[in-house]
Amino acid sequence: MPILNTFLFAALISAVDPVAVLAVFEEIHVNEMLYIVVFGESLLNDAVTVVLYHMFEAYVEMGENNITALDVAAGLLKFLIVALGGTLVGIIWGFLTAFVTRFTSSVRVIEPLFVFIMSYLAYLNAEIFHLSGILAITFCGLTMKNYVISNVSAKSHTTIKYTMKMLSSSCETVIFMLLGVATVHNHHIWNTYFVLFTILFCSLFRALGEDEGVLSLLLLLEFSYILVGL
């Protein structure tokens, strides 16, 4: 397998999905800070994965022999712009929401609506300018957590909290259903060695450490592809 395809696959597969871990955390009522750290890390991983995937996808379309040093530099620069730009957009919308909710004391009923709409607008605003929508909505939420919560009433806070929990659970269910349907109905080329090596290296290097793991995963996946003749 060409090295660019290896990078593309590694960027996709190296992100973690802590849905099961978070579900256990909720059941045993772990420390809130631990929950936030694990959840936040997974969100940032997903956001970075999306940006990296699109970057390597563009490189694959260009072809390995057509990529110059300028293209690599442009890709890295675009990565920083997309990531930091999405973060900045989210923070701006978070502060804007905090400003608006300072004047809703007489109409508490619309406070949850403002929070939901402004969060979605942060995502749309980032996507319009081809920035990271995931990072935008993540940092918008982090900003709201610090500056909006003190402006809304207790009833509005409860409404926001449980509505988001319901939406989160519903979206996760729909996503896994779609993945299951796609897995069953789409035609796939199965390679047992490919699957086993991927699971082995992902598990091994996630245990050793994320930063070293991703780099080593790239190298060992390439080795495994050569080994099994892909």
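Visitor: Why is Phe 99 called partly exposed?

Guide: The relative accessible area of Phe 99 is 47%, and the class runs between buried, under 20%, and exposed, over 50% (1.4 Å probe, protein chains only), so Phe 99 counts as partly exposed. This is a predicted model, in which local features need pLDDT of at least 70 and side-chain atom pairs count only at pLDDT 80 or more, while totals for chains, interfaces and linings use all residues. Residues are numbered from 1 along each chain as its sequence is written, and side-chain values use heavy atoms, with hydrogens and water left out.

Visitor: What makes the protein chain an arrangement of helices, and how many are there?

Guide: The protein chain has nine helices and zero strands, where helices are DSSP runs of H or I with at least four residues, strands are E runs of at least two, and numbering starts from the N terminus. Read along the sequence, the pattern is α-α-α-α-α-α-α-α-α. Of its 230 residues, 31% count as buried. Among contacts (heavy atoms within 4.5 Å) with a separation of 6 or more, 75% join residues 24 or more positions apart.

Visitor: How do you know that Glu 111 and Arg 108 form a salt bridge?

Guide: Their side chains come to 2.5 Å, N to O, and the rule asks for a side-chain nitrogen of Lys or Arg within 4 Å of a carboxyl oxygen of Asp or Glu, so the pair of Glu 111 and Arg 108 qualifies as a salt bridge. By this rule the count comes to one salt bridge. The two partners fall into separate accessibility classes: Glu 111 is buried at a relative accessible area of 0%, whereas Arg 108 is partly exposed at 33%.

Visitor: What makes the approach of Asn 151 to Thr 101 a polar contact?

Guide: The two side chains meet at 3.2 Å, and the term covers a pair of N or O atoms within 3.5 Å, where within protein one must be able to donate a hydrogen and the other to accept it, and residues adjacent in sequence count only if both atoms are side-chain atoms. Asn 151 sits in the loop between H6 and helix H7 (154-185), and a polar atom of its side chain also lies 3.2 Å from the backbone oxygen of Tyr 147. Leaving aside residues up to four places away in sequence, Asn 151 touches Ala 98, Thr 101, Arg 102, Arg 108 and Glu 111, a list that includes both partners of the salt bridge.

Visitor: Why is Thr 143 called buried, and which residues does Thr 143 touch?

Guide: With a relative accessible area of 7%, Thr 143 is placed in the buried class. Thr 143 is found in helix H6, and a polar atom of its side chain lies 2.7 Å from the backbone oxygen of Phe 139. Not counting residues up to four places away in sequence, Thr 143 touches Ile 91, Gly 94, Phe 95 and Val 148.

Visitor: How many aromatic pairs are there, and why is the pair of Phe 95 and Tyr 147 called tilted?

Guide: The count comes to four aromatic pairs. In one of them, the ring centres of Phe 95 and Tyr 147 are 5.0 Å apart and the planes stand at 45°; rings of Phe, Tyr and Trp (its six-membered ring) pair if their centres lie within 6.5 Å, planes under 30 degrees apart being stacked, over 60 edge-to-face and the rest tilted, so this pair is tilted. Phe 95 belongs to helix H4 (residues 69-100) and Tyr 147 to helix H6, so the pair ties together parts that are 52 residues apart in sequence. Phe 95 is partly exposed at 41%, and Tyr 147 is also partly exposed, at 44%.

Visitor: What makes the pair of Phe 99 and Phe 103 edge-to-face?

Guide: The ring centres of Phe 99 and Phe 103 lie 5.2 Å apart and their planes at 75°, so the pair counts as edge-to-face. Phe 103 has a relative accessible area of 55% and is therefore exposed.

Visitor: Where does His 130 lie, and why is His 130 called exposed?

Guide: His 130 lies in the loop between helix H5 (111-128) and helix H6 (133-147), and because its relative accessible area is 64%, His 130 is classed as exposed. Its phi is near 60°, a positive value in a residue other than glycine.
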